[in-house]
Amino acid sequence: MQRLKYRITTLAPILIADTKGGNNYVTTAEFIPGSSILGLLAAKYVKLNSLVNSAHTDEGFQKFFLSDKLRFDNAYIISKNERDEIINNLPIPLSVQYDKDDKTRVYDLLFQEPKENDEKIQTKPFSEFGIINGNTVYYQPVKKSLNFHHERDPKTGSTKKGLIFNYESINSKQVFEGYILGDKNIIEEFKSNFGTPFEARIGRSRNVQYGRVKFEFVDKIEELKVEIKNLTDVTLTFLSDVILYDDNGFSTTDESVLLTYLRKKIINNSHAFEVIKYFTKDNVIENYVSVWKLKRPSEVSFKAGSCFLLKGITVGDKTKLEELQKEGIGERRNEGYGRIVFNYQKAEINSAENCNEIIIKVTKPSFPIPDIAKEKLKMIIQDLLIKQTRYKAINDENSFTDKSSLAKSKSLVSRLESFVKGSPRKDEFDIKLKLIRKTAIEKLERCRMSRDSFYNWLLKKNDITASKILEDTKMTKVREILNDISYNVENDSNFNNKLYKEYFLTFFSALRKSLKRIGG
């Protein structure tokens, strides 16, 4: 079996929707699934060969995308080591966990039960991707952002005021790599259809601001080499989700089904082996097929990182294990599912370090910024500051320590909200706040916002300005752009008044929902 490495560079935020979100909240996966890569390349092939209405009749399309002759593996974030060499990160096994009080201390719970002074050490699994090298886990987080949007009315096509829809997305300027696997001849034929690099769209909402990526093939086609040593206690680690069907044809995460599957694949019933310890998580897989304009039926799967310690494997099973590692296990392997590795985990793992992230540098143009570009950048930065203001308002509402005296006074919160709507500036809101009845003031004073009363907190809350938001170290680049376009947002009184209104309208809206949940 041969493989060809591909690389995805995010040029804009991308959203690979998973199943953890809610009605008004969409979360993203932190990798690019093989199914998305398959869809991206299939769409590119259709466009290059003018097959919009006839792709299913094309011999090449059938061979590359509808058969199992090619396998499109997931793309995971990459890093660099101290020698500036590329590190291809993988899901960190669920049994490899760190001391919750010290992330540099690591244990593999397949092999050991961490204790100190006869007391069990509390551990947590890694949420990042990484690589195990020697006795150290090198980990790399995927950078993400939370974006706020108004919910769209499907009948009118316009936005619904007051209804916020939240998108979590993978940030731009990050690099992911994966492999396309198959026989050498078919990979070469497949590659010849594409000129790389090229830009494409991937994931959800790719027709608007999300999903722009650069795709390219890197390195040469190479042999996939697998050699498994030490067959005493064998570890099995899932490097992608694994889908298995039971006897009735339903996807399952029953460990007994996995064991039966492995026994059939590895051994000809000449001897038995068993799983003596395992760490697993379930996942639900849902894919949207744009050609169908429908979702595929959902599947349950073993989550990537699930791992097992096997006992009873013999030297005679070595060839079968190596074949299985090359081919993968389970269903839908052409979409990246079923990728596994044997003996990746080691008992001597004891430490962790953060990887060196890859920084994509953008060259600044030498010519002056056109006026139309300055205006666009101004609008983008204003939109960013508004989103940060809303985000801060929601966080502040979540930190509201005691709101019990408002539980039966939702009308008071609505009245405060009306003050904001009718007050262009914060000082006008403060005047109206001071004129409310004494009983209403007492209710606000009984509520606690951190160490102060809610009433005093509302009067003192004067830090909702562009300059305050821009103090964040994450806003360094934004400040540079503001300087480049000569826009002094700190002195833009109209915009700062808009920020004040956005903050308090978001805050009071979130507070009303919170009071509703607690039965007010």
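Q: What makes glutamate 299 and arginine 332 a salt bridge, and are they buried or exposed?
A: In this predicted model, glutamate 299 is buried and arginine 332 is buried as well, a word that stands for a relative accessible area under 20%. The closest N and O atoms of glutamate 299 and arginine 332 are 3.6 Å apart, and because a salt bridge requires a side-chain nitrogen of Lys or Arg within 4 Å of a carboxyl oxygen of Asp or Glu, the pair qualifies. The two residues belong to distant parts of the chain, with glutamate 299 in strand 26 and arginine 332 in the loop between helix 5 and strand 28, 33 residues apart.

Q: Why is glutamate 322 called buried?
A: Glutamate 322 has a relative accessible area of 14%, which is under 20%, so the word buried applies to glutamate 322. The side chains of lysine 318 and glutamate 322 meet in a salt bridge, at 2.6 Å from N to O, and both residues lie in helix 5, four residues apart, or about one turn of the helix.

Q: How do you know that lysine 461 and aspartate 396 form a salt bridge?
A: From N to O, the side chains of lysine 461 and aspartate 396 are 3.6 Å apart, and because this is within 4 Å, the pair counts as a salt bridge. This pair also links distant parts of the chain, for lysine 461 sits in the loop between helix 10 and helix 11, while aspartate 396 sits in helix 6, 65 residues apart. Lysine 461 has a relative accessible area of 10% and aspartate 396 one of 13%, so each is buried, being under 20%.

Q: How many salt bridges does a search of the whole structure find, and which residues are linked in a network?
A: The search finds 32 salt bridges, and a network of salt bridges links Lys5, Arg7, Glu177 and Asp219.

Q: What makes strand 22 and strand 28 the edges of their sheet?
A: The open sheet has four strands in the order 22-27-19-28, with antiparallel pairing. Strand 22 and strand 28 each have a single partner strand, so one side of each is left without a neighbour in the sheet. Neighbouring strands here are turned by 20° against each other on average, direction ignored.

Q: How do you know that strand 19 and strand 27 are paired?
A: Five bridges join strand 19 and strand 27 in the antiparallel sense, and because pairing asks for at least two bridges, these strands count as a pair. Aspartate 233 stands opposite lysine 311 in strand 27, and helix 4 lies across strand 19, strand 22 and strand 27, running at about 130° to strand 22.

Q: Why is threonine 235 called buried?
A: Threonine 235, found in strand 19, has a relative accessible area of 1%, which is under 20%, so threonine 235 is buried. Its contacts, leaving aside neighbours within four places in sequence, include Leu110, Phe308, Val341 and Tyr344.

Q: Which residues have the most contacts inside the largest nonpolar core?
A: They are Leu41, Phe65 and Phe190, in a core of 53 residues, to which helix 1 gives the largest share, seven residues. A second, separate core of 42 residues includes Leu385, Leu433, Tyr455 and Phe495.

Conventions:
Residues are numbered from 1 along each chain as its sequence is written. This is a predicted model: local features need pLDDT of at least 70, side-chain atom pairs count only at pLDDT 80 or more; totals for chains, interfaces and linings use all residues. Side-chain values use heavy atoms; hydrogens and water are left out. Axes are lines fitted to C-alpha atoms, for helices over the stretch in contact, and angles run from 0 to 180 degrees between N-to-C directions. Contact means heavy atoms within 4.5 Å. Buried means under 20% relative accessible area, exposed over 50%, partly exposed in between (1.4 Å probe, protein chains only). A nonpolar core is a set of buried Ala, Val, Leu, Ile, Met, Phe, Trp, Tyr and Cys residues joined through side-chain atoms within 4.5 Å.
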